[in-house]
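Visitor: I am new to reading protein structures, and I would be glad if you could walk me through one by question and answer.

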There are 8 protein chains.
Amino acid sequence: MDEKELRRLLGRLRRGDAGVDEVVGALKGAPYEELGGFAAIDHHRTLRVGMPEVVLAERKTAVQVAAIARKLAARGPLLVTRLEPGKAGPARRAVRGSRYDPVSRTLSRGRMDLPVRGPVAICCAGTSDIPACEEAAVTLGVMGVPVLRVYDVGVAGLHRLLARRGDLDGAVAVIAAAGMEGALPSVVGGLVGKPVIGLPTSVGYGASLGGLAPLFTMLNSCAPNVTVVNVDNGFGAGFVAGLIARQ
Amino acid sequence: MDEKELRRLLGRLRRGDAGVDEVVGALKGAPYEELGGFAAIDHHRTLRVGMPEVVLAERKTAVQVAAIARKLAARGPLLVTRLEPGKAGPARRAVRGSRYDPVSRTLSRGRMDLPVRGPVAICCAGTSDIPACEEAAVTLGVMGVPVLRVYDVGVAGLHRLLARRGDLDGAVAVIAAAGMEGALPSVVGGLVGKPVIGLPTSVGYGASLGGLAPLFTMLNSCAPNVTVVNVDNGFGAGFVAGLIARQ
Amino acid sequence: MDEKELRRLLGRLRRGDAGVDEVVGALKGAPYEELGGFAAIDHHRTLRVGMPEVVLAERKTAVQVAAIARKLAARGPLLVTRLEPGKAGPARRAVRGSRYDPVSRTLSRGRMDLPVRGPVAICCAGTSDIPACEEAAVTLGVMGVPVLRVYDVGVAGLHRLLARRGDLDGAVAVIAAAGMEGALPSVVGGLVGKPVIGLPTSVGYGASLGGLAPLFTMLNSCAPNVTVVNVDNGFGAGFVAGLIARQ
Amino acid sequence: MDEKELRRLLGRLRRGDAGVDEVVGALKGAPYEELGGFAAIDHHRTLRVGMPEVVLAERKTAVQVAAIARKLAARGPLLVTRLEPGKAGPARRAVRGSRYDPVSRTLSRGRMDLPVRGPVAICCAGTSDIPACEEAAVTLGVMGVPVLRVYDVGVAGLHRLLARRGDLDGAVAVIAAAGMEGALPSVVGGLVGKPVIGLPTSVGYGASLGGLAPLFTMLNSCAPNVTVVNVDNGFGAGFVAGLIARQ
Amino acid sequence: MDEKELRRLLGRLRRGDAGVDEVVGALKGAPYEELGGFAAIDHHRTLRVGMPEVVLAERKTAVQVAAIARKLAARGPLLVTRLEPGKAGPARRAVRGSRYDPVSRTLSRGRMDLPVRGPVAICCAGTSDIPACEEAAVTLGVMGVPVLRVYDVGVAGLHRLLARRGDLDGAVAVIAAAGMEGALPSVVGGLVGKPVIGLPTSVGYGASLGGLAPLFTMLNSCAPNVTVVNVDNGFGAGFVAGLIARQ
Amino acid sequence: MDEKELRRLLGRLRRGDAGVDEVVGALKGAPYEELGGFAAIDHHRTLRVGMPEVVLAERKTAVQVAAIARKLAARGPLLVTRLEPGKAGPARRAVRGSRYDPVSRTLSRGRMDLPVRGPVAICCAGTSDIPACEEAAVTLGVMGVPVLRVYDVGVAGLHRLLARRGDLDGAVAVIAAAGMEGALPSVVGGLVGKPVIGLPTSVGYGASLGGLAPLFTMLNSCAPNVTVVNVDNGFGAGFVAGLIARQ
Amino acid sequence: MDEKELRRLLGRLRRGDAGVDEVVGALKGAPYEELGGFAAIDHHRTLRVGMPEVVLAERKTAVQVAAIARKLAARGPLLVTRLEPGKAGPARRAVRGSRYDPVSRTLSRGRMDLPVRGPVAICCAGTSDIPACEEAAVTLGVMGVPVLRVYDVGVAGLHRLLARRGDLDGAVAVIAAAGMEGALPSVVGGLVGKPVIGLPTSVGYGASLGGLAPLFTMLNSCAPNVTVVNVDNGFGAGFVAGLIARQ
Amino acid sequence: MDEKELRRLLGRLRRGDAGVDEVVGALKGAPYEELGGFAAIDHHRTLRVGMPEVVLAERKTAVQVAAIARKLAARGPLLVTRLEPGKAGPARRAVRGSRYDPVSRTLSRGRMDLPVRGPVAICCAGTSDIPACEEAAVTLGVMGVPVLRVYDVGVAGLHRLLARRGDLDGAVAVIAAAGMEGALPSVVGGLVGKPVIGLPTSVGYGASLGGLAPLFTMLNSCAPNVTVVNVDNGFGAGFVAGLIARQ
């Protein structure tokens, strides 16, 4: 409820078109809906944060995911993340026209229809980083934002990245994913004058600490246009890039 | 050097207006300038990343800072960060019209003249977070971006934040600074549909681990529109917010 | 043995009703009972810490759990925690009338009959935190304390929490469970003037460090009425809340 | 503002005694007061969380502390924490009748007048833990709760603790402070059937990690009635104990 | 080779009973024997460190374990540790008279025949710590040292430990094993004037960090007679205790 | 492309043998080849870093590995690392004459033909470190560098290492692998005047932290001729040793 | 109070020579003495753990140290540790005949008169480790145990250690101190068949983590006769070595 | 003592030119010399590890440094590291012709005269990394190895590094120093086919963890020719590079 609605509501009270109880209820009432006791779906979210609620399938059963997905898909575009292939069936059947992508482990349908200003570039250091990148790409797809993929351009072979520099220059924001030493966002950040979202991945071994090593690399980037999301959080990276593109 | 310049240069070579040696030299030559042996100033940076080179005064002497600042100020807006009061004198005198701000520990002069799209909101949890916020604010000032300050609105007193919600709604991006438990970006991220830049600060004690605790809080935010910069990195937060505002 | 019993024992010695050996034995004797060599059951625990000994089923075999459970159930209320479904059968059969709950992974029977002063509220940020909450709820049930569930009220959707504020206000203590960034206890702590027990959960990914991230968030809470228990320790949270309610 | 006030306000609007603008303002208005730009004092806090706002003097100047202290003391009991001796003078002079305690580094005046149910026991392992304990004791004093001090009873000399067991038994809650290995709360928790608040201190050396070692000891306590606060957070421990005592 | 042997060898050289080549070879030769390329067995170890080489079965195949075990058993007592039940068969068959113990996961035969001075007490906090304790007990058995078991005497039920104090007093050294908060060695160390070997175990959950939490507890013990071995290293604890007992 | 090629290309442009578009394309073009969308193979790598691209099989499917291996083997020596036995079949069949080694989990064929200066010694502390060592040995084999194996010479039995000192002295570089406490490189570094490459392994338990403990040991080595690679990174250790041998 | 005293006391009660109140008081009474409110001195400690209470001067004032030292010195040998030179004066004057050693920062007087069995060897890797070693040496001196110093024998120069091997062989226990990589105890442990106490020191830089690196090295030692004390805890190392020597 | 000397010694024994005692003594005798009790100087080190012993001045007094320096300088080249300006005087005066460099904090004189094969390149990311680089450069100078400095070429401005690529190509080894995110060695490693020694520095703030962040970045480098030394360990980096150059 925004101020305009509030004023209209209070106007109705003042004019006698509404009673005190009704107004108190409206002011206290929460715009969410209970769903079988296991989840409160937040239908106002689109208005509030610019995206329908996204379903994190991890730790949910296939049946729960399907129930929530059907409910959400009835009102707008749908995005389910972290959905393992073995758990995707019920939700895919519950939402006609939905598409499951095993690389990004997402289920999605539809796209938001808001004006956007050009593509988001997604680059990654190695092929093992692609699943996180694709999660970002699908997210951007649901947000209606075009995507430029610049994959396998790790810093130990700079010419591959430099050859794709034109693609980076044309983007409104860049997502740079990397595991192991996580140096890609720093190098990309030095090449383009756009916001760069560092996306650390858990790709690596030994002292990569499950992604903490590239995460810290990115946080300490000497390029000042780099911000960072959680390890493997392709959805978050895509969502923020989409918000930047949208404005 | 962009593709247009490259084609012009090659055209001159083809027409015989330039020799091979000259072209080789131009292709290899780096657009930076050696400065007394202690720093390579990067004059192409404005074109490349949208901001003149910023001087990090930490670990430099007052004399070195002044020399670099004078050089940079001759070509555009100036920003020096992490400049302790006791070290600011020479640089301030070297750059006529510069302004030193002891809260943010910055020295600055001028502002970039690029079109921007509305203010950036900077909010923080407590008064001790203000220095980091002001570093962001001065950075945004040099980038020509207006700033809305929403200070001392920590999550343990939600009404203070909710009362300022209108200010957040009107911003194109929000910087949310917090030490201690660092919960502010999550709450702000749930209130506004804009990119939120989490700025962890080293404010806290005991198990705050010098800012690592709020840093991890922000990285794990359940609000998907939150990205994070390094601890106390107000400059980085301001710079990215400025890039978002500029587009 | 308390002072009263000691005085009675010494009185008997003085009157010649007991010999020195008997008194020495009584003073040295431990009020526990050996159980098949693998566990010492502590029957005085109810008197000492206000709760019968609780069985942590983890790392015990189904047969061991059943043997201990039967022994304990013969003397009072029973609570077994961390009991996986596949291991619950023998204990459930061994204790007639016991109830196994697969969500909280507890087996319980009966309740303590002590005066209590009103409900404990249990709130959590997301549906994945419910198992830890239910472990707390079952513990409170065995302690005879009523419970108010306020689930799925994470800080990225504040209105959901604010809508349930009345429930929080009526409680004598609040358990606030959260994984990921773990901000819920800080926000709850700012809303109610009651002890808030932060219950970090291992829900999360990437840099959530198996629950250490929300744990540190809660320890650094800017709300001073928050104390913290171990990750996923729903039993501990419930037990302390029950002690507070009881007094 | 509670529901009663809200209904009264809406009633005035309905009766025409108030205009829409006034009501909108009241609903949006935050019950805090700006103080010279550097702090927002939260006067509703007493009602909301049962304690006047407490001043954390760390990172504030002596003049700022004095200004805030005078303002707060005009409305109720005063507590300033982490106030170094060299910074205490202005605040002490600004608040007539205030008392500065160099051990706990607190400045306080007055006490709240609410019914409480018996003393809180504060025990610590060694003499170096006393400052944190005294911060808790002063906090309890401001809350009007009596305190029993059981100091220097570390677990390497159990008889000292066992000799004071009667004091622990009579308390409604126990604060157990320890640095080094931090084992005291576990032992105390096994002796008394009351909530035990573990207060880790930064006392120790080598691998004590600035208090993280005892902090983790306490979080892993095998006694289920132990909750934990941040390292050296005597104020938090005292405040929660006071809330338990008050109910 | 000790000095006596060296002198004898040099004497032979001097008398012409040995040639230079032989002496050079003897001086350079290592007293070990290659075994199928995968392990160098160290037969001088008994003389050097007072114990035959012990076989760590982890990361070895059942066949490798059996081959090494047979070789070692031909020359003295045998001890194999970390031998999973499924891998024990071949070694047990290869060494007639050997005994496999599934609790401690050891295979052993025989005992050293050296004078020892009284028993070693092994105590642990909970039943889950017993496997590590039994690894220590079997080790002590092979060293010919009698063992007193004092199990399930965690510090949250002090009376259980105090009731067994006599057993501790009679020992020449005490092994104190604990997971979770790991407080037992501190309490034991305060009760007895003997070397106490803290044996942290990986028993615990949440913030127990796989045994690092009790490890740090023990390293920070306020009882000065506590030293510490690696997590779950029952063999090391038993071996050092045996060396103390032997002298 | 090196300067000679660049001059030749520009000469052709100047002479009219090439057009501007061609030169621009050549300058921008990257010397790599797209392979079915999932990997960019870097054929210039041999010239640039002295080694054909090596395939890290981890996180790739058996089919992907085989496709990349066949492509690379067509142009020179082949090395595939981290190839589990169950995944090796297709690649082995795809590359005639290739050899799969299950200990080092490598697939290789051929060797580089460059002048080298003597052997590299590879020593390790225990038999469990052999897989990492063999990965280094196979790498050196592909680089055409002879290898001296000095295995199972841990520092707790110094005579084994001292007996092999001659082998170490004759090497141009030494790889020293160790898990557990990781002390071997320090001792080796003190014995030989050659570069020593510390190779920490994940062999160990308890507080070995998956190889971080020996990693830190090696980084803190008091022998100044020790550098370190990532945990279990036998390929990296072998590659650097090979580069040293080659020069 | 031991069993004999208890029986005598109870006998007096039985004979009427003592009243119940007296016995209750004696049983509850703790054998310690309050000292000016800031420390409870534990006079039974000598009997209980074989050493008079030792004063840790850190965090105590010079006056407090002097008062405690005088009290303790009246009853037996005295040892004060961590006593900075600037704080030693009052205590030295308070205890006639005491000796202050600035290297180990100890104040001591007298020695215990108990039978011991030969020397303890103390070895260290570098000269910077000597202060921790000397703290151990002074402790052993107070316990009446002879000491063999084997200093500056770090593992990067093995011949220095091997040349002193005879000294190690003659000891009943060895303390091995090292900072940096902390490898000394492993090497020493492989040379002698005696308990080796690893004493990590905070000597080092970079990734030595204030002594945690050598601490973890020692905990992961492949020599099974190594136990470990806290970083820089020379007193603890000496005390345990003394207990071993004494038996 | 090498085998030749051993054979000569044994030959003398055989011929009767030496007695058994003399040979035993020679075999046991360590080739070091006691220096006033505080340091054992290792004169055989040059033969053994190819470098005279280097003095780490940290934690030594100015007088101790001077005494050791004079002794060492009498036998060959001298290098003292970590020598603060205020402590350098006595050593500089004690060694005629020595040179103190305040940037690298080294004192040195002379150079070794061994054949070397070309320069070592030292590059760094920022000007703050220069002290660590110069420590490496001075070390290389003492080893007689020429140095190419490539400073201030951080990865956020790639053109600066690419412009100096020729210098890197001509080197036999490259030292790459960086703080903050530490990405330089990965990029350099991808450009040159030489051993690259990553030298992490403590330059940075926030989450750089005193140099651990760039250290982990370098350990996880995707360029396989990178090995790593300890944080700020310029001496170690230079020494290893010198050994590579020498061979």
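**Cysteines, a sheet and chain pairs**

Guide: Let us begin with G:Cys222, which counts as partly exposed at 27% relative accessibility; please keep in mind that this is a predicted model.

Visitor: Which cysteine sulfur is nearest to that of G:Cys222?

Guide: A disulfide is a covalent bond between the sulfur atoms of two cysteines. G:Cys222 takes part in no disulfide, and the distance to the nearest cysteine sulfur is 12 Å. That nearest sulfur belongs to F:Cys124.

Visitor: How many disulfides are found over all chains?

Guide: A pair of cysteine sulfur atoms has to lie within 2.5 Å to be counted as a disulfide. The search covers the whole structure, and the number of disulfides it finds over all chains is zero. D:Cys124, for example, is in no disulfide, since its nearest cysteine sulfur is 4.2 Å away and belongs to D:Cys133. The total over all chains is therefore zero.

Visitor: Is D:Cys124 buried or exposed?

Guide: A residue counts as buried when its relative accessible area is under 20%. The relative accessibility of D:Cys124 is 0%, so D:Cys124 counts as buried.

Visitor: Which strands stand at the edges of the open sheet in chain D?

Guide: Four strands of chain D form this open sheet with mixed pairing, and their order is β3-β4-β6-β5. Two of these strands have a single partner strand each, so one side of each is left without a neighbour in the sheet. The edge strands are β3 (55-56) and β5 (99-101) of chain D.

Visitor: What is the bridge partner of D:Val55 in β4(D)?

Guide: Strand β3(D) runs parallel to β4 (residues 78-81) of chain D, and two bridges join them. In β4(D), the residue that bridges to D:Val55 is D:Val80.

Visitor: What rotation superposes chain A on chain B?

Guide: Two copies of a chain are related by a rotation about an axis and a shift along it. For chain A and chain B the shift along the axis is 0.0 Å and the RMSD is 0.1 Å, with a rotation of 180°. The two copies are thus related as by a two-fold rotation axis, and the rotation asked for is 180°.

Visitor: At what angle do α10(E) and α10(G) cross?

Guide: The helices α10 (residues 212-219) of chain E and α10 (residues 212-219) of chain G have axes that come within 13 Å. α10(E) is roughly perpendicular to α10(G). The residues in contact include E:Phe216 and G:Phe216. The axes cross at roughly 105°.

Methods:
Residues numbered from 1 in each chain as written. Chains lettered and ligands numbered in written order. Predicted model: local features only at pLDDT ≥ 70, side-chain atom pairs only at ≥ 80, totals over all residues. Heavy atoms only, no water. Pairing = 2+ DSSP bridges. Buried < 20%, exposed > 50% of the residue type's maximum accessible area, 1.4 Å probe, protein only. Least-squares fit on C-alpha atoms with pLDDT ≥ 70 in both. Axes fitted to C-alpha atoms, helices over the stretch in contact; angles between N-to-C directions. Parallel < 35°, antiparallel > 145°, perpendicular 65-115°, else oblique. Contact = heavy atoms within 4.5 Å.
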